[in-house]
Amino acid sequence: MKEFLRSILKNKKPLLWGAAFVAVGLLLLGGNLISLVHNKIETHKLTRQNELLDKEYEELLHTQEQLEQQDPALLEKIARTKYNLAKPGEIEIRFPAP
């Protein structure tokens, strides 16, 4: 093993060519590799965001169908939460937000 290392150190020219070849390869391909990893991560994020948006879209379609059918429970929920309405005779108690 020691003889092998000594022979490499004596013949520095192949070692320098190898190091130069590796350096050029990293310069040419290093940026592309980083871009590839970045694009893969970004694709994963966008896929997850797309799935969440699809789910939200389906929920909105379901709500739209219920509103078109004039579902009394949904209409009451919207009236109470969004418009702070109460039924006649009910006492509304509001608590300050923390």
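This is a predicted model: local features need pLDDT of at least 70, side-chain atom pairs count only at pLDDT 80 or more; totals for chains, interfaces and linings use all residues.

Mentor: Residues are numbered from 1 along each chain as its sequence is written, and side-chain values use heavy atoms, with hydrogens and water left out.

Trainee: What does the secondary structure of the protein chain come to?

Mentor: The protein chain has three helices and zero strands, and its elements run α-α-α from the N terminus on. Helices (H or I, at least four residues) and strands (E, at least two) are DSSP runs, numbered from the N terminus.

Trainee: What radius of gyration does the protein chain have?

Mentor: The value is 34 Å, whereas a compact globule of 98 residues would have one near 13 Å. The radius is taken over C-alpha atoms, and the globule rule is 2.2 Å times the number of residues to the power 0.38. Along the principal axes, the C-alpha atoms fill a box of roughly 100 × 35 × 25 Å.

Trainee: And how many of the residues count as buried?

Mentor: Of the 98 residues, 1% count as buried. Buried means under 20% relative accessible area, exposed over 50%, and partly exposed in between (1.4 Å probe, protein chains only). The protein chain exposes about 9,800 Å², of which carbon and sulfur atoms supply 65%. Accessible areas come from the Shrake-Rupley method with a 1.4 Å probe, and for residues only the protein chains shown count as cover.

Trainee: Changing topic, how many salt bridges does the structure hold?

Mentor: The structure holds four salt bridges, each defined as a side-chain nitrogen of Lys or Arg within 4 Å of a carboxyl oxygen of Asp or Glu. In general, side chains of opposite charge can pair when their charged atoms come close.

Trainee: Which residue does Glu-51 meet in a salt bridge?

Mentor: Glu-51 meets Arg-48, at 3.6 Å from N to O. Both lie in helix H2, three residues apart, which is about one turn of the helix. Glu-51 counts as partly exposed because its relative accessibility is 46%, and Arg-48 is likewise partly exposed, with a relative accessible area of 46%.

Trainee: Which residues are linked in a network of salt bridges?

Mentor: The network links Glu-76, Arg-80, Lys-87 and Glu-90. Within it, the closest N and O atoms of Glu-76 and Arg-80 are 2.9 Å apart. These two are separated by about one helical turn because they are four residues apart in helix H3 (residues 72-82).

Trainee: And how does Lys-87 come into it?

Mentor: The side chain of Lys-87 meets that of Glu-76 in a salt bridge of 3.7 Å, N to O. Lys-87 lies in the segment after H3 and Glu-76 in helix H3, so this pair ties together parts that are eleven residues apart in sequence. Glu-76 is partly exposed at 33% relative accessibility, as are Arg-80 at 30% and Lys-87 at 44%.

Trainee: Which residues form a nonpolar patch on the surface?

Mentor: Leu-33, Leu-36, Val-37 and Ile-41 form that patch, with about 380 Å² of accessible area together. Patches are made of residues with over 30% relative accessible area and no salt bridge; like charges are joined within 9 Å, and nonpolar side chains (Val, Leu, Ile, Met, Phe, Trp, Tyr) within 5 Å.

Trainee: Take Leu-36: where is it found?

Mentor: Leu-36 is found in helix H2 (residues 12-68). It counts as exposed because its relative accessibility is 54%.

Trainee: Finally, the backbone. What is the phi of Gln-70?

Mentor: Phi of Gln-70 is near 55 degrees, a positive value in a residue other than glycine. Most residues other than glycine have a negative phi. Gln-70 is found in the loop between H2 and H3 and is exposed, with a relative accessible area of 57%.

Trainee: And what about the phi of Asn-84?

Mentor: Phi of Asn-84 is also positive, near 55 degrees. Asn-84 is found in the segment after H3 and is partly exposed, with a relative accessible area of 39%.
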